[in-house]
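This report describes how the parts of one protein chain are arranged. Please look at the sequence and the structure before reading on.

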Amino acid sequence: MSNIFKIQVTSVATLFVFGSATIALAQPADRGSAVVYPTVFDQSGTKTSRAAAETALNDILKKGGFKLQDSQVAARVWKAKGMRTPTSTRPPSTSDLTELGKAIGVRYVVATTVSFHTRSIWVNLGPKTVSTCSFVTTIVDSKTGKVVHEADTEGRSDEKSDTLKVVGSLLVTPLVSAVSGGPKTPHETRAAQIAAARALEKFVTVTN
């Protein structure tokens, strides 16, 4: 192998290492571990829109640099420990959320109660489907046993303001397009994405 070729190979290898380091630095900083559990629903919302609400919470945390634990793992541990099943009118206690976080080895436990309200309203010359999604979110730091974030937010499917730019920047899955009528699932899904972003925005942007 000639000296010139050796120099070229060395240069390529150096660039590769440098490039890899650059990519690593571009990734979100490690913000700690978290789990989205429990997410409690009332009798409202379709199966798809409920799943979208949970996906939005997970996506926002992941994009914010948090390492996520599978909610199914949390569910198994919750059941094994015999913790009281939360409902939309009886949220989980701070002590239970702290115990769950310690048991599965995550720092932040994100508990949310979700509800949907979908209706048809008359606009101009025809009906329009509108959905509002409400999130009541509590985040507990299992290391300290304290509540570190609380939010009571709403998202409405027909919102078109500049605030949606902020919402879109927090999501991994694109914000569902607004539609005027038809099945309620797309409206509920969009509303859930907006509510989730508002619920976690301050947490993912200020948490150390």
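Helix α4 covers residues 94-104, and its buried residues are Asp96, Leu97, Thr98, Leu100, Gly101 and Ile104. The model is a predicted one. The cover over the buried residues of α4 includes strand β1 (33-41), helix α3 (71-80), and strands β3 and β4 (126-141). Just after α4 comes glycine 105, which has a positive phi of about 75°.

**The sheet**

Strands β1, β3 and β4 also belong to an open sheet of 5 strands, whose order is β2-β1-β3-β4-β5. The pairing in this sheet is mixed. Strands β2 and β5 (146-156) are at the edges; each has a single partner strand, so one side of each has no neighbour in the sheet. The pairing of β1 with β2 is parallel and consists of 2 bridges. Leucine 68 in β2 is the bridge partner of alanine 34.

Helix α2 lies across β1, β2, β3 and β4, and runs at about 160° to β1. Helix α6 touches β3, β4 and β5, and its direction makes about 145° with that of β5.

**Helix against helix**

Helix α5 packs against both α2 and α6, as the table shows.

| Helix pair | Angle | Distance between axes | Residue classes in the contact |
|---|---|---|---|
| α5 and α6 | about 80° | 9 Å | 7 nonpolar, 2 polar, 3 charged |
| α2 and α5 | roughly 80° | within 8 Å | 2 nonpolar, 2 polar, 2 charged |

Helix α5 spans residues 163-170 and helix α6 spans residues 185-206. Given their angle, α5 and α6 are roughly perpendicular to each other. On the α5 side, the contact is made by Thr163, Leu164, Val166, Val167 and Leu170. On the α6 side, it is made by Arg190, Gln193, Ile194, Ala197, Arg198, Glu201 and Val204.

Helices α2 and α5 are also roughly perpendicular. Here Asp59, Ile60 and Lys63 of α2 meet Gly168, Ser169 and Leu170 of α5.

Is leucine 164 buried or exposed? Its relative accessible area is 12%, and residues under 20% count as buried, so leucine 164 is buried. Apart from its neighbours within four places in sequence, leucine 164 is in contact with Glu159, Arg190 and Ile194. The C-alpha atoms of leucine 164 and arginine 198 are 9.9 Å apart in space, while the two residues are 34 apart in sequence.

**Aromatic rings**

A pair of aromatic rings is described by how far apart the centres are and by the angle of the planes. The model has 4 aromatic pairs. One of them joins phenylalanine 66 and tyrosine 108, with 5.9 Å from centre to centre and 85° between the planes, and this pair is edge-to-face. Phenylalanine 66 is in the loop between α2 (47-63) and β2 (67-68), whereas tyrosine 108 is in strand β3 (residues 108-123), 42 residues apart. Both phenylalanine 66 and tyrosine 108 are buried.

How are the rings of phenylalanine 66 and phenylalanine 203 arranged, and why is the pair called stacked? Their centres are 5.3 Å apart and their planes are at 15°, and planes under 30 degrees apart count as stacked, so the pair is stacked. Phenylalanine 203 is in helix α6, so this pair ties together parts that are 137 residues apart in sequence. Phenylalanine 203 is buried, like phenylalanine 66. Together, Phe66, Tyr108 and Phe203 make up one aromatic cluster.

Key: Residues numbered from 1 in each chain as written. Predicted model: local features only at pLDDT ≥ 70, side-chain atom pairs only at ≥ 80, totals over all residues. Heavy atoms only, no water. Axes fitted to C-alpha atoms, helices over the stretch in contact; angles between N-to-C directions. Helix = DSSP H or I, 4+ residues; strand = E, 2+ residues; numbered from the N terminus. Parallel < 35°, antiparallel > 145°, perpendicular 65-115°, else oblique. Contact = heavy atoms within 4.5 Å. Nonpolar A, V, L, I, M, F, W, Y, C, P; charged D, E, K, R; others polar. Phe/Tyr/Trp six-rings, centres within 6.5 Å; stacked < 30°, edge-to-face > 60°. Buried < 20%, exposed > 50% of the residue type's maximum accessible area, 1.4 Å probe, protein only. Pairing = 2+ DSSP bridges.
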